Every structure is written in C-alpha cells, then in structure tokens.
2 protein chains.
Amino acid sequence: MQEAAGRALSEHRGEQWLRSVRAVREERYDILCRPGLLSRDDETLVSLLRTDAPALVVMTPSTDRLYGKALRHSLAAHGPGADLSFMILACSEADKMTEQVLAVCRRAVEARLARRSQIVCVGGGVALDICGLAATLFRRGICQIRVPTTLIGMIDAGIGVKNGVNFDGSKSLLGSFSACEACLIDPSFLDTLPRRHLQCGLAESAKIATVCSPELFDLLDMHADGLLGPICGTLLGQTHDLIRLSIEGTLSELSLNLFERRDLFPNTYARKLDFGHTFSPYLEAASGHILLHGEAVAIDMAVSVELAYRLGVLDRATRTRVLDLIYRLGLPIHWPELRPEALRASLPSVVRHRDGALNLVLPSGIGTATFLKDLRELSLNLLTEVVQDLAEWPAKKGALDNARARR
Amino acid sequence: MQEAAGRALSEHRGEQWLRSVRAVREERYDILCRPGLLSRDDETLVSLLRTDAPALVVMTPSTDRLYGKALRHSLAAHGPGADLSFMILACSEADKMTEQVLAVCRRAVEARLARRSQIVCVGGGVALDICGLAATLFRRGICQIRVPTTLIGMIDAGIGVKNGVNFDGSKSLLGSFSACEACLIDPSFLDTLPRRHLQCGLAESAKIATVCSPELFDLLDMHADGLLGPICGTLLGQTHDLIRLSIEGTLSELSLNLFERRDLFPNTYARKLDFGHTFSPYLEAASGHILLHGEAVAIDMAVSVELAYRLGVLDRATRTRVLDLIYRLGLPIHWPELRPEALRASLPSVVRHRDGALNLVLPSGIGTATFLKDLRELSLNLLTEVVQDLAEWPAKKGALDNARARR
C-alpha cells in the first residue's frame, strides 16, 4: 500500500500557526513453516537473502555447535556472490542488555552492512530480541530474518513485532515495535532442544491454549506426556499441529492491535496473551533467573488460575484441568522461595507498564478470560493463601491423578 | 484511522505453510508556532501535559540557565496534580552517544514514567535527538514533546521523525524513525542563541532555500546581513517568515516519504534535503567536531554547488549567488585542513547509508536539483580542484562584491 503523507491543517492566526503532519505506514511480514530448512536442497533461506548487499548471520553458541555446519553448507549454495559475515552471540535472559545490542551493531559495522542489508538471527527468544533491536537501530532500521530454534521462539518471541532488553533491573524495559522481513519455522530444531527449554515453550503454548484456543488445549491435554520425548514417529504430526495452532492463537490476538496503539484502542493493555506474564517478571528477577521465563510463566498461570477460581471467575473443574496440564508438562506451579509480600510489591511496576491498570488475566473457561483491572482488588491475604495452596498441590497429586483417571 | 491487521494468505502444502501478517499504522503530529511559549499566561505546553501520569522535562545546561526559571513558573500553572521531574542533560554533537540515551532512560526510571508518560525536551538538535531515541526505546515508546531552542532544532531536527546518535565513529548510525506528539516553535528563543549557532541554523535554511524554495532564497538573500543581529524590531517579521518557509520547505520534501520506505519508493535515498549532507559527516568527524554541523553543511554546500557548476548542471550566475549567500551568512565555504583524498575515501560509507548510490545533490537552479548517483563519476582530481578553488574564494571576494553591486 501507498504511504500517504501530507498536511491535514494549516492555520494562520497572526504569528501563530499550526501544521499537522500525518503519515500511514504499512508493515508486512511472512511466517513460513519449512521443515528441513537447513538441508542442502532447501532454498528458502537462500532465496530470501539479497545478493546486492552484505548480510550478517548471528547464531548462539549452541546453535552454532549443532547447526553451524549445516547452515554454512546451506548458505554456500548461494554462490560466491554472497557477502556473508557470521557472529556467535552468547546470551541469556539474565544478560539480555543494551551491551549485547551494541555488540551486534559493532559487528554490523565490521561487516559493512548497508541500508538494504539483512541480519539473520538463528537462535532462541533472547537472541531474537537482541538482534531485533539491533536491526531496528542500525541505520535506523535494516531488515531482519528470524530463524527461531526454540519452541518459545517459534510460537512467541519470533512471530510478533516486539523486541526488548532488560534495563535497570526491569525486564524488557527498553525495546521497540518492529516487524521482521520473514520468520522461518522449522520444527525439527526441537529435536535438539534441551527438555527444560522445550517445557518452557510448552508453558507458552499452554498459555495460548488456556485463554485463546480450546482446540490447542485438547491437543496438549491429550499428548502432554508424549510431547516431552524426542520428536519422531507418531508424535511428529502432533508437534506440527501444536506449533501451528499456537502461532494461529498468538497471531489472532496480536493482530487485533499489532503495535499496541493506545490512542486507537482503549483496551490496548488488557491483552489475553499477558496471561502468565503479570507475576512472572518478579519471579524471574527474584530467582536471579534461576527460574527460566517459561517456568516463571507456568507459576504465574497457576497463581492466576487459582485466583480466578477463588474470585468466582472460573469453575473448579476447569481450574483443576489447567493446573493439571501445567503439572503434566513438567512445569512448576510454585516456587518455594516465593514471598507474597515482595510479589505484591512488584505489581505497581506492572501497572505503570500497562498504562495505569493491572489487567491481570483471569481465565473464565478454556478459551476465554476476564481482567482484574484494579490492583487494590488483589489483597495480600488472598495472594498469600493462593501461594500456600499451590505449594501443597504436589501432595494432592495422588487424588488428582485418580480424578483424571475417572474422566 | 483504524489499524487493520490480519491474515492475507494462509496456504497449506503438506507440512509447509505460509502466514502473512499485515498491519497499517498511522503517525500524526502537530507543529505549533507559539511566540511567548514560556510566558506565564501561555497555556500551550501545560495543556499538552497529561495529568494522569508523571512526565520528565529534559533541558540542556544553557536552556536551564536561560529559561529554566520561566519554564518552571509556566509549568507551575499546571497545578499541584502534575508529577514533573527534571533532568539537565549536558550534550554536544561529539558525545551524542548511546550512553546519553541510556542516561535519559535511567532518569525516566527514577521519575517512574509510565506507558502514557511524556518526555518534554527543551533544547537544541542534539538534545532532541537523544531524548527522541530515549522516548522511542523506553517501554517501547512513550510520547515526546519537542521544544527546540535553536534554529536548527526549529527547522530541521525537531520537525521530522528521525533521531539518531553517533556510533563507532559514524554520525547518527544508530537511531529510529519515530514521530513526536507535538513540536512547539517559539522564535523568541533565538534572542539568546549564540551567533555561531544562529549561523548554523541559517546554513540549514540556505540548504532548504537552494533546493526547495525560491521564496525563502529571496528572503535570505535580501536580509542576509541583518538576520545575524538581535531579533527585534523590523527583523522580527523576517525571522518568523524564515522559520515558517524553512519548515514548509522541509515538510514538503519529508512528507513525500516520511519513513524512508525504500520498498515503496525506488528513489527513497535521492533526497533533495541531503544537499549539504554528503561531505559534511567527514568534515565534522575529521575536524574533531571543531566544525559545527551547520558549518560543515555550509562547506559541503559550497563544494556541491561548485561541482554542479563544473559538471555543467548549474549556471555560473546561480552558483555565484549561492556561494555569495553562504559567505554573507558568515558561514565557511572551505576548511583549511580539508584533505580531498580523505574526503573522497569517506564516500563509500555514505553510499552504504544511501542504499548503494552516492546520490550527491547537485543544485540545477534555485529550487531544483539533480543527483550524482555513481561515486565513480566523482574523480579525486575534480574534487581537489574544487576544494582549491573554494580556498581562494575569499581573495576573490572584492570582485564578487562588485558583481553584486551591479545586480
């Protein structure tokens, strides 16, 4: 679509005047699922690379170890015309900082990236975040191609338009909204993903399932135990469906208001996809990032579901079904060191980030949710009770399993 | 306007699929001219500030010294409900770095800025650049209100959507496109602007005049000598006209393609407003920022005009008229330490920033220009001759003045 820009109004009143500038811009990107992306005969990635400008390929150390050789082979099919530089970026949630964004920018200078250059990031959500922000800032924005290698990257961090780094102790406080050129999904990367990271991805998938997609919830519920094994044979189809349904659920929510324009949408910060993301920033930070993002999200979901039940928003059977699913996916529903007072004290910062309201997502059924807007309605007593109850959940597991067997 | 986002295409081919995400976003901002902005009875600034979220007001040390008291008094009219924090940001072109952007972000954390908070920047182009980028990154974008206090800020840095900081020795290598909420113009700030900085603003004005606006060129030509005095009495009207015409010229060019979308406009990086901005990054850096931005722009314009004349693009009389104007505005047309070899060697970096072409702006008359696209057409010999010729220009000034007297 055309970008139209111009003068809406120009008024003269003596020496006072007003001039309005208006411009419309379109963002467009593709998410492509291509199993076998790094095989020698797959040309998807190569066909996206421009031949008239240098490109920078960023990998994490583990991506490089597992796939670096295959990636280089695949890109070599590109021919001698390609001007590719590589960077190995060691990164983790705990050190997802501006320093790393600047390190990528410095490498982009060395690689002589031009305005039409591309940064290709092959890695997990943290690397995608860092490279996304670097690509946004370098020459005021060059193209980025994302190749997520983790489940979180495929269904969450890689497919939206948000990036961010931690700053001054706050998670993702600095960042931008910026679309990639393309995001390439290859489920076979999950074959080498450590079990704990796979579980973290399943936490995000359970999030989407609970508030957006009964179909995905049923799929997770049916295959919860098998999904954690190696992705081969009969489970391959389920993994593909899980990824596709998770992406569809995420995009259907994101696309309502992709750039979070609060001037256009009064409920911009009441987002169902924030389920599991209200208490989790505190949990991640308080644990010194010993809890991974997905684990913190799992505990947050458990707390939210239990709150929804106690506040009369969610029925007992559905609450039990969600807690049970989190548990069966091997995810934590409590953290022994959680201090309810500190958790409650972390919430005003969430309110600031959500434009003045808490907007805690409370599931009201599978696929639906309401929002607890006012922080004052969340008493420390209630929170303390919920946290204590969840700590005792494992002890109740026997009864729970019996209940499931009867379903 | 509505933001519309959704699926353009969703195709299934076995386990391969493609999903396109598309979103349109509108940016809109106002430029308001309000003489007497800081007077106690002017409510323009106060009326723009939100009462439901804290705001951060950033001033440079000189702005604070000259206008801090008046600004605080003016804002005090806002009443006790306003939650305002202040920051004094010492900055210059030479240290316009990411560190300063992060310093503003750190102050924004201390000031507990929320998603709907505003950063008000009262200062020159450098401060506007730094605060603009900080506002873009903080919480992925909060509102910024710009109050430029320099002529460059009023007619250039403050009114577009670009911001940037220097990185790794390159000028404005990191930045973003991001619209402000409002830009408030008060010409009376120029009363306290040091003469050298006023001249730098006049260089940008001469740039706009030469390639976009014969009306502005005539105004500058007619009042060149008087514009450098204090803005009072009879020259007040001319100063207002100069600012208004400069802004109109800039916006008429910018609004053709506000966000520099090269995917939509093949000639995105052939911009008339880049007149004076091809050799100037080298000049600024090579002089260790002893040359101010506007001075480097003036020398660049002189070189470009002389090149245009020698390449047969511009007639002799117009070339002389432009050089004469630059000279009469008290601006340099050469820099004794300029080394043509080094100047030429700096150009491949400009080519990278302009998507593969040099796009040197060559005026072809007052208000029109062509572009020298191919760096290879700019020989070192020609450049050396032009630089030598301009060095001798002052010696020829007597003859020039006589020529002017005859016009």
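**Interface between chain A and chain B**

A search of the whole structure, which is a predicted model, finds 65 salt bridges over all chains, a salt bridge being a side-chain nitrogen of Lys or Arg within 4 Å of a carboxyl oxygen of Asp or Glu. In this model local features need pLDDT of at least 70 and side-chain atom pairs count only at pLDDT 80 or more, whereas totals for chains, interfaces and linings use all residues. Side-chain values use heavy atoms, with hydrogens and water left out, while residues are numbered from 1 along each chain as its sequence is written and chains are lettered from A, ligands being numbered from 1, in the order in which they are written.

One of the salt bridges joins A:R321 to A:D221, with the closest N and O atoms 3.0 Å apart. This pair links distant parts of the chain, since A:R321 belongs to helix α11 (residues 316–328) of chain A and A:D221 to helix α7 (residues 214–223) of chain A, 100 residues apart; helices (H or I, at least four residues) and strands (E, at least two) are DSSP runs numbered from the N terminus.

Between the chains, 80 residues of chain B are in contact with 80 residues of chain A, where contact means heavy atoms within 4.5 Å. The size of an interface is often given as the accessible area lost when the parts come together. Chain B and chain A bury about 8,300 Å² between them, 52% of it on carbon and sulfur atoms, this being the accessible area (1.4 Å probe) that the two parts lose on being put together, summed over both.

Between chain B and chain A the count is 8 salt bridges, including that in which the side chains of A:E260 and B:R115 meet at 2.6 Å, N to O. Of the side of chain B that touches chain A, the largest share, 18 residues, comes from β2(B). Strand β2 (residues 16–33) of chain A pairs with β2(B) in the antiparallel sense over 17 bridges, two strands being paired if DSSP finds at least two bridges between them. Within β2(B), B:V24 is the bridge partner of A:E26.

Chain B is superposed on chain A by a rotation of 180° with 0.0 Å of shift along its axis (RMSD 0.0 Å), by least squares on the C-alpha atoms of residues with pLDDT of at least 70 in both copies. The two copies are therefore related as by a two-fold rotation axis. Among the residues of chain B, B:R25 comes closest to the rotation axis, at 2.7 Å (C-alpha).
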